[in-house]
Amino acid sequence: YNANDNFIYKGNTGSLVKSSYSFVNWNTNQDGSGNQYCPYEKSLGGIVSNQDLYAQYIPGEFCIVGSNGENNALLSDRGIISEKNNAIYNKVFATGTDIYVSGGIYEDNVWKACFWKNNQQSGALYIPNKYIIFNSIFYTNGIVYACGNNGNASWSNVIPLYAKYTDLNNYTYNNLTGPDTGNTANDVYSDGINLFAVGTGVGSVAKFWRHDGTTLYAKDLSGKETISLAVSGDKIFTVSRTGSANYSVQITTDLGSNFSTGVTTASNSTVKHMAVNGNNIILVGRIGAGTDKAGYWYSTDGGANFIGPITLNQGVTPGGGIATGVTFIGSKAYIVGYDTDNESSGVYAQLWIVNNLGETGIFYQLWKEKNAGDKYAFAKSISAKNYQITFNPNGGAGTPYTQTIATGSTAPLMLSRFT
């Protein structure tokens, strides 16, 4: 460049990979203590002399999805960015070899639900005169499970649904409940036999669904909407909104037949996602109505008690902010979000690494809006590499169950599934 030229900071355009690490951004100091610069960031008045920037690789291989412009979806695979126009990415699930992303594609003047495997798009789920989006995704034993909702252009008379893909183009789908404004399925999981999903049912009731391959079971939970679920051994954890801005965690140990009394976690706040690592549970979102800062709540005793809120390090964006996704890599929590609390005004996608629960986290800028003024730069979801082990119970005569666990994390075995 010439002196004073305006320019845009590039990302990892050479697709350079460091084993067991992910690229996050550039820094003026090799140890990361200087100024951060991230992909799509614009120079302020250019530079007047040569400048050395150092690539910042941090421990852990992870994938992040979000956007860098209106309806411009973005996937960061260990820091290597790819984009998809006229698309929405909502959730990412990574295995040791593949990356699955749920969302939707806008074509023929409607939104169609689909997923991507390693950037290859699946067959789109389309219902005439309906807008359909997949909110969440899960993979196990060669099958992709996705959940979401359909509605008209104003998202009224909405029906939550789930789909089961045996490959990229062959799928079946089922509705989970009847139409009602606000209905949705927010999260999905499978143990290889049962499909589990959570969301909102008719009348703004928090819901838990289980499908055993033959029969669909539904359970009303305390609250108005179930946001997220996580599984550890035989325990299924759910977090539900119980009031306008209050949340509680409920636990089942019998595949959803009975749930514990909800443990209040967040008040006057917003919870977006949950992750579990052994007895450690973390919920992320936005703290308070007056402060509006990204933060989290956590438990170290399996959900009996929760501590928080903990305000995340605000970095260069004081005020505002929301955390939208979280995963554990070992004992560390990796949290993503963006710099405002308004879903149409994000300027920076952000990452926090919490080495020990209770800390404010180490802050990183991930990427910025692609075009100035777009204000659609979000990080929505993060996934470590997940690995799966399948057990055949009853001396090999039973039905195999599959347990999923993130890299370096811990979980008890599904002991009650075995006799």
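Biologist: Is Glu 107 buried, partly exposed or exposed, and which class applies?

Modeller: The model is a predicted one. The relative accessibility of Glu 107 is 32%. Buried requires a value under 20% and exposed a value over 50%, so Glu 107 counts as partly exposed.

Biologist: With which residue does Glu 107 form a salt bridge?

Modeller: Side chains of opposite charge can pair when their charged atoms come close. For Glu 107 and its partner, the closest N and O atoms are 3.3 Å apart.

Biologist: Which residue in the turn between β5 and β6 has a positive phi?

Modeller: Strands β5 (residues 72–77) and β6 (residues 80–85) run antiparallel and are joined by six bridges; within this pairing, Asn 72 has Asn 85 as its bridge partner. The two strands form a hairpin with two residues between them.

Biologist: Which strands are the edges of the open sheet of four strands?

Modeller: The order in this sheet is β27-β28-β29-β30, with antiparallel pairing. Neighbouring strands are turned by 20 degrees against each other on average, direction ignored. An edge strand here pairs on one side only, and the two edges are β27 (322–329) and β30 (362–368).

Biologist: Which residue in β28 stands opposite Phe 328?

Modeller: β27 and β28 (residues 332–338) pair in the antiparallel sense over seven bridges. In β28, the residue opposite Phe 328 is Ala 333.

Biologist: What is the volume of the largest cavity?

Modeller: Four cavities of 30 Å³ or more are counted. The lining of the largest cavity consists of 28 residues, and Phe 93, Ala 230, Ala 275, Thr 327 and Asn 386 lie nearest its centre. By class, this lining has 19 nonpolar, seven polar and two charged residues. The space in the largest cavity is about 490 Å³.

Biologist: How many charged residues are in the lining of the second largest cavity?

Modeller: The second largest cavity holds about 90 Å³ of space. Its lining includes Phe 23, Ile 64, Ser 76 and Trp 367. Eight residues of this lining are nonpolar and four are polar, and the number that are charged is none.

Biologist: Is Gly 396 buried, partly exposed or exposed, and which class applies?

Modeller: Gly 396 is found in the loop between β31 (377–391) and β32 (401–406). Its C-alpha lies 46 Å from that of Gln 350. The relative accessible area of Gly 396 is 43%, so the class is partly exposed.

Methods:
Residues numbered from 1 in each chain as written. Predicted model: local features only at pLDDT ≥ 70, side-chain atom pairs only at ≥ 80, totals over all residues. Heavy atoms only, no water. Buried < 20%, exposed > 50% of the residue type's maximum accessible area, 1.4 Å probe, protein only. Pairing = 2+ DSSP bridges. Axes fitted to C-alpha atoms, helices over the stretch in contact; angles between N-to-C directions. 1 Å grid on protein atoms, 1.4 Å probe; cavity = no way out; pocket = protein on both sides within 12 Å on 5 of 7 lines; lining within 4 Å. Points joined across faces, edges and corners; volume = space filled by probe spheres on them. Nonpolar A, V, L, I, M, F, W, Y, C, P; charged D, E, K, R; others polar. Salt bridge = Lys/Arg side-chain N within 4 Å of Asp/Glu carboxyl O.
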